[in-house]
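These are my notebook entries on a structure that I examined with its sequence alongside. I set down what I looked up, entry by entry.

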Amino acid sequence: MPSTRPTRSDAVDLSDRPRLARHVRLSFCRTRQRPILQLPETVVVLNASGATILELCDGQRTVAGIVSELGARYQTVPDDEVQRFLTRLAARRCVEISG
Amino acid sequence: MESPFGLLAELTYRCPLACAYCSNPLNMADYTDELTTPEWRRVLGEAADLGVLQCHLSGGEPLLRRDLVEIVAAANGLGLYTNLVTSALGLSRPKAEQLRAAGLDHVQVSIQADEQAVSDRIAGTPSFRRKIEAMALVKELGWPLTVNVVLHRQNIDRIADVLGLAEEVGADRVELANTQYYGWAWRNRDALLPSRAQLEAAEVVVRAARERLRDRMDVIYVIPDYYSRYPKPCMGGWAARQLTVTPNGDVLPCPAAQSLPLPRANVRDAALAWIWADSPVMTAFRGTDWMPDPCHSCDRRELDFGGCRCQAFQLTGDAARTYPVCHLSPDHGLVVDAVRAANGERPIDLVLVPRPHR
């Protein structure tokens, strides 16, 4: 069982292996036609690339791996943008980092 | 008008506890004709079609509904994130396992204080031990746990120990919510409203706990609006993001709005989509057009949406008045007087009027 490091205060590193927190659910809202993240008290409406990043957060891939996967799909994805997005979600405890 | 994100399903107003700060209506006997299981299933389906994504199962005590597991399964099947808001009385191991299997996502357990005698006194019934056991069970079954604590004059001095308890039981979140004054809390306001010194001491503790616990636990602190300069953005605006369905099927923008003199809208008589979009109870204070001055010309009207309509009504008798908590309100003196009295020679442990169990 890999240890889980909550990274509320730290930035997410390229070598980290993020995964969705257990109490968070990634799904699609038919009414809004947008991907969403469901949390205990709130909902985050995502854009397509945000949803793709989170789909790739399987606890196996590294952040660097996610960046290169996205690069293949979308051409231009600055890796610091992915890191910033995941750092924000880790701070809200939506994403956990397996060390 | 946007689609609503959350449905607060008040399954029953029956409750084993008798908390004097309860937000349930005083006329609980008017809500005993509870929606049936098929009716709730239909309401959940209509809510999901409307765009609802979160389903908060509350009450009263939702575990008193024998069909709670079926209701959870229905909500889960519709893709709703399900959140049980409970006293934990009745959360036996078999019941908890059934709810887990039905797909319940999250559990919020209330506690009235960190210490058995105080908690049981405020709850009006021996319950503390069972709550602690239920919290352990919630964690054991792998749910995220939120501990809910309503803060008031008679428990706010214990906030450090309350936080310690939440930490000890392994809570993922703790919600420390200062009492809002409607329902039974309005009736008990004098006994519940804390002093400024109590609040200031509590806020120091909360700030320190947030810093200390930031890697482990979310500490949510709902401010006491009688002590604020401006109102908070109640519900994110009237009928903007959330809707409430009461035990008998009335639809409201928030659980306290049953007290307002507005025409009823009920899921037994009309489609939820129509109620959300067009019923008078939803449109009465939606947006900013209804606002009187000083709200109407205020820069903050899109920030706080004029504050809480229900407490404005309780305080002034007119639900469309500027919320008297705001220092710009012509009725602000009503709040000033209440605060002044709470900071005078008033004992801490005035007698509380308990809400009845049904």
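Entry 1. Helix H9 of chain B.
I began with the exposed side of H9(B), where I found B:Arg196, B:Ala197, B:Glu200, B:Val204, B:Arg207, B:Ala208 and B:Glu211. Helices (H or I, at least four residues) and strands (E, at least two) are DSSP runs, which I number from the N terminus. The model is a predicted one, in which local features need pLDDT of at least 70 and side-chain atom pairs count only at pLDDT 80 or more, while totals for chains, interfaces and linings use all residues. Residues are numbered from 1 along each chain as its sequence is written, and chains are lettered from A and ligands numbered from 1 in the order in which they are written.

I then listed the buried residues of H9(B): B:Gln198, B:Leu199, B:Ala202, B:Val205 and B:Ala209. Viewed down the helix axis, these buried residues fall within an arc of 125°, so they line one face of H9(B); the arc is that of the directions from the helix axis to the C-beta atoms. As a general point, an α-helix has 3.6 residues a turn, so residues three or four places apart point the same way.

Against what do the buried residues of H9(B) pack? I found helix H6 (159–168) and strand E7 (218–222) of chain B; contact here requires C-beta atoms, placed from the backbone, within 7 Å. I also checked the span: H9(B) comprises residues 196–212, 17 residues in number, and reaches 25 Å from its first C-alpha to its last, close to the 24 Å expected at 1.5 Å a residue. The expected span is 1.5 Å times one less than the number of residues.

Entry 2. The sheet of chain B.
I followed E7(B) into an open sheet of nine strands with mixed pairing, in the order E7-E6-E5-E4-E3-E2-E1-E8-E9. E7 and strand E9 (251–252) of chain B are its edge strands, each pairing on one side only. Two strands pair if DSSP finds at least two bridges between them. Strand E6 (residues 173–178) of chain B runs parallel to E7(B) and is joined to it by five bridges. Opposite B:Leu176 I located B:Tyr221 in E7(B).

Entry 3. The nonpolar core.
Which residues have the most contacts inside the largest nonpolar core? I noted B:Leu44, B:Cys55, B:Val109 and B:Val174, in a core of 136 residues. Such a core is a set of buried Ala, Val, Leu, Ile, Met, Phe, Trp, Tyr and Cys residues joined through C-beta atoms within 7 Å. Neighbours within four places in sequence aside, the contacts of B:Val174 include B:Leu163, B:Ala166, B:Val219 and B:Ile220.

Entry 4. Backbone exceptions in chain B.
I recorded a cis peptide bond from B:Gly59 to B:Gly60, with omega near 10°; B:Gly60 is in the loop between strand E2 (54–58) and helix H2 (68–77) of chain B. Another cis peptide bond joins B:Asp293 and B:Pro294, with omega about 10°. B:Pro294 lies in the loop between helix H11 (280–283) and helix H12 (301–304) of chain B.

I next looked at the loop between E7 and strand E8 (242–245) of chain B, which holds B:Met235 and B:Ala239. B:Met235, not a glycine, has a positive phi of about 60°, and B:Ala239, also not a glycine, has one of about 50°. B:Met235 counts as buried because it has 23 C-beta neighbours inside 10 Å. B:Ala239 counts as buried with 27.

In chain A I counted three helices and six strands, which run β-β-β-β-β-α-α-α-β from the N terminus on. Buried residues make up 31% of its 99 residues. Strand E3 (residues 25–29) and strand E4 (residues 34–38) of chain A are antiparallel over five bridges, with A:Cys29 the bridge partner of A:Arg34 in E4(A). The hairpin has four residues between these strands, and A:Gln33 takes a positive phi near 55° there.

Finally, I looked up the interface: 17 residues of chain B are in contact with 14 residues of chain A. The chain B side divides into five nonpolar, seven polar and five charged residues. For this division Ala, Val, Leu, Ile, Met, Phe, Trp, Tyr, Cys and Pro count as nonpolar, Asp, Glu, Lys and Arg as charged, and the others, Gly among them, as polar.

Methods
Buried ≥ 20, exposed ≤ 12 C-beta atoms within 10 Å, placed from the backbone. Contact = placed C-beta atoms within 7 Å.
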